[in-house]
Amino acid sequence: MSLQQLRQQGHIWQFKQAAKEGETPHPVHATGFAALDQVIGGWPVQQVTEIQCLPGIGELRLLLPYLTRQQLIQQERWVVFLNCPARLNAVFFVQNGIRLERVLEINGSDNEALWAAEQCLKSGCCQSILLWHNHLQIAQFKRLQLAAAQGQTELFLYRNAVAKQQHLPVSLSLALTGSPNGVVIRVQKKRGGWAGQQLQVDWSEQWPQLCQLQPVLPFSALAG
Amino acid sequence: MKDSISQQQFACDKPAEPQQPLWLYLHFPTLQLDLLQSGQLSTSEGEPAGLAAAVFHSKPLPLVLVNEQHQVCQANQLALAAGINTGMSLAQACALSASLQVRAWQAKLEQQQLRQIAEQLYEFTADIALAPSSALWLRLDPMLQLYKSLPALLQQLYLPLDTLGIQYQSGLAPTAAAARLFALNTPQLQLTDSAQLRQTLAPLSIRLLPIGAELQQQLQRLGIERLGQWLDLPAAELSKRFPKQLAIYRQELLGTQNPSLQFIQPASSFMRRLELLWHTDQQQFLLVPLGVLLRQLQHYLQKGNRRCSTTSLLLQIPDGQDVQLQIAAPQPLQLQQHWFALWQQKLSTLQLTGNVSSLTLLASDFCQQPAAAADLLAHYPSNTNPLQLLALLQARLGDEKVRQPGLCASWLPHQANQPNNSSADKIDGKPLALPATLRQARHAPRPAFLYPEPQPLAPIHINIRSLATNYRPCLYQSCMPLQLLPGTERVCSQWWADNDKTIDYRIAYSQSGQWLWLCREAGGAWQLQGLFA
């Protein structure tokens with residue numbers, strides 16, 4: 001593949017594409033975490049954001065402030081969870097101030113999930129779509145990205161960090177690893193910005209019950 | 001002065017002269033055949049072009065319907081042109097045309113179709129009675145005032161018949177019995193003046209009377225050939241020599257006695273059946289005839305300014321199990337294109353096991369609800385509204401795959417999390433709040449994802465998917481060993497409940513950084529209940 005082709009397909013970002021002074025940078029929604037906002041600016045508007053992580057390390061908590069805020073602004077629009085690792089727990093969402101009336105949970109085969117994702121994105125009546133999908137092809141991804149722009153919706157794509165996967169031309173890609181006090185975020189790709197930064201989001205104040213590892217009890221203690 | 005005003009008013013209020021009774025008799029000689037041919041045609045936009053349309057728009061073929069005695073009872077134009085006549089035997093007909101299509105004539109189906117037509121015409125006049133041998137009686141005089149003139153009313157009545165391509169013979173007369181005679185004998189005659197009735201009937205042959213061969217023979221033996229001669233017989237003599245039935249018929253024919261007819265009442269539900277000319281096991285071919293049925297539904301709904309939220313489709317498969325499908329839309333719909341979009345999705349996942357011979361569309365749950373108002377100044381593109389999207393997803397994926405999380409008042413976390421089977425009233429109702437039982441647990445940590453059933457704690461390299469087939473693979477290669485966070489939460493269900501439970505919950509932290517929610521029933525092993533995502 002030649003350099004020209006790579007550039008045309010948007011795999012290469014050049015410094016001249018960076019927002020010049022006075023120009024408005026790519027619009028973003030605030031994440032609600034000041035440290036994260038400083039590094040990535042915010043969640044890109046009407047784009048696909050990739051989040052690579054294991055399930056259960058705080059990948060949803062990272063979106064909570066954003067989802068709650070957007071629900072207040074866009075009252076009629078759905079938040080759609082597609083193929084999430086287990087059933088959504090309604091109590092958790094109510095505890096965190098998310099209105100259940102506008103939450104949809106869809107579980108189906110991979111193809112059904114992609115079809116549903118495209119319909120939801122295109123319809124223009126969803127504020128955000130959270131899709132768990134491990135084997136997305138570039139062509140499928142591009143369809144989703146176009147649909148997201150058409151429907152003015154944000155798509156968050158959760159992928160398994162363990163699986164060997166091809167790189168997708170997303171506008172923002174984050175890799176999450178667990179940490180006892182929050183989550184460690186590594187920026188893998190950021191369109192119009194630098195990759196490679198690493199930061200820790202600390203939520204020991206917001207969710208103290210999860211962050212009190214001292215004193216540590218080994219699992220074997222339970223057997224007794 | 002005052003008196004003159006009241007006199008004027010009185011003059012205005014004076015009722016118009018009573019209308020003479022006026023009856024229309026419509027006879028459909030080839031009803032089943034016409035509907036069989038017209039059902040396959042699509043005449044409006046919004047229906048799939050391509051293969052399905054190509055098949056149904058292919059060159060028309062000679063088509064006949066045969067009765068149980070294997071005699072041709074209805075034949076289309078092409079078959080007639082090939083020299084096939086009604087009453088001919090099937091073998092003879094097949095010998096005349098190599099490409100002849102043959103279908104069985106079904107008396108019950110024809111009766112159903114006749115009723116459907118009557119219900120369509122009910123829109124224009126309410127006095128409709130079913131006549132024997134696929135015909136209808138319509139009383140027109142009460143509606144003439146509304147339509148101003150007879151041609152205007154007739155035009156309205158004939159329009160739906162012409163649209164469907166149904167052939168008909170009509171007769172118009174001041175009495176129902178006379179209208180029937182005219183329809184069968186002189187269809188172009190429109191007699192509205194009852195004074196001329198006797199005179200017009202006089203030259204007609206006595207053979208037209210629906211009185212049975214025996215009575216006709218009896219009349220002929222007396223030298224009575226024309227109706228005029230029979231009408232001139234004195235009533236006393238007639239009743240002396242002939243059965244009472246003939247005298248009654250004469251009174252009905254002349255309008256001195258009202259006919260005893262069974263007027264129809266339109267059904268409160270919508271049901272339309274369409275026979276397929278082409279039996280097919282390809283679901284995409286069903287879309288064209290389904291579009292025809294849905295257009296009829298739209299017309300039916302628009303007439304009453306109604307919407308409906310449930311439609312079901314019955315696919316008849318003669319050599320297999322019939323298929324019944326249902327779509328319950330979260331918001332009531334009216335337009336054909338909306339229902340069609342849903343059915344397109346529903347049928348796209350259907351696997352047919354045999355050839356479909358007919359489609360029946362039923363609609364229920366009618367309401368007068370007006371269409372949802374759209375926001376002109378919305379910030380977001382809204383080609384669909386949220387409930388339309390939900391309907392589309394449910395049509396393709398089914399209700400069980402598209403869920404809304406919901407709450408239920410229960411102490412046990414997995415019972416408190418009950419899917420809210422999405423229906424419009426729940427979605428548009430009050431915001432869901434925490435029930436009292438859960439309010440106390442407001443600050444207790446709860447995971448974002450719950451397994452409906454506790455999962456065994458997977459050892460290394462076990463794929464949870466094999467255990468809970470409904471869910472995505474969830475790899476725990478590195479989740480062992482676990483560290484436990486302090487504090488155990490014990491939840492007891494009500495002791496009076498059938499299977500009261502005591503469950504302990506703990507939060508565990510895996511080496512790879514996952515927060516797991518473990519549970520243990522009294523005496524049992526620790527299991528995985530949820531994930532703190």
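I looked up the neighbours of Leu130(A): leaving out residues up to four places away in sequence, it touches Leu60(A), Leu63(A), Val79(A), Val80(A), Phe81(A), Leu82(A), Phe156(A) and Tyr158(A). Contact here means heavy atoms within 4.5 Å.

I note that the model is predicted, that local features need pLDDT of at least 70 and side-chain atom pairs pLDDT 80 or more, and that totals for chains, interfaces and linings use all residues. Residues are numbered from 1 along each chain as its sequence is written, chains are lettered from A and ligands numbered from 1 in the order in which they are written, and side-chain values use heavy atoms, with hydrogens and water left out.

**Leu130(A), continued**

I find Leu130(A) in strand S7 (residues 126–132) of chain A. Helices (H or I, at least four residues) and strands (E, at least two) are DSSP runs, numbered from the N terminus. The scale is buried under 20%, exposed over 50% and partly exposed in between, with a 1.4 Å probe and protein chains only. From Leu130(A) to Ala117(A) I read 8.8 Å, C-alpha to C-alpha, at a separation of 13 residues in sequence.

**His29(A)**

I looked up His29(A) next and found it in strand S1 (residues 28–29) of chain A. His29(A) counts as buried because its relative accessibility is 16%. Its side chain makes a polar contact of 3.3 Å with that of Gln70(A). A polar contact is a pair of N or O atoms within 3.5 Å; within protein, one must be able to donate a hydrogen and the other to accept it, and residues adjacent in sequence count only if both atoms are side-chain atoms. Among the residues that His29(A) touches, beyond four places in sequence, I list Trp43(A), Tyr66(A) and Glu154(A).

**Three-stranded sheet, chain B**

I traced an open sheet of 3 strands in chain B, ordered S3-S2-S4, with mixed pairing. Two strands pair if DSSP finds at least two bridges between them. S3 (72–75) and S4 (101–104) of chain B each have a single partner strand, so each edge strand has one side without a neighbour in the sheet. The twist from one strand to the next averages 30°. Axes are lines fitted to C-alpha atoms, for helices over the stretch in contact, and angles run from 0 to 180 degrees between N-to-C directions.

I counted 3 bridges in the antiparallel pairing of S2(B) (residues 63–66) with S3(B). Val66(B) has Val72(B) in S3(B) as its bridge partner. Helix H2 (residues 31–38) of chain B packs on this sheet, touches S2, S3 and S4 of chain B, and makes about 135° with the direction of S2(B).

**Four-stranded sheet, chain B**

I also looked up an open, antiparallel sheet of 4 strands in chain B, ordered S8-S11-S9-S10. S8 (270–280) and S10 (323–333) of chain B are at the edges; each has a single partner strand, so one side of each lacks a neighbour in the sheet. Neighbouring strands are turned by 15° against each other on average, direction ignored.

S9(B) (residues 307–316) and S11(B) (residues 356–367) run antiparallel and are joined by 9 bridges. I noted Phe366(B) in S11(B) as the bridge partner of Cys308(B). Helix H16 (residues 336–348) of chain B lies across S9 and S10 of chain B, at about 140° to S10(B).
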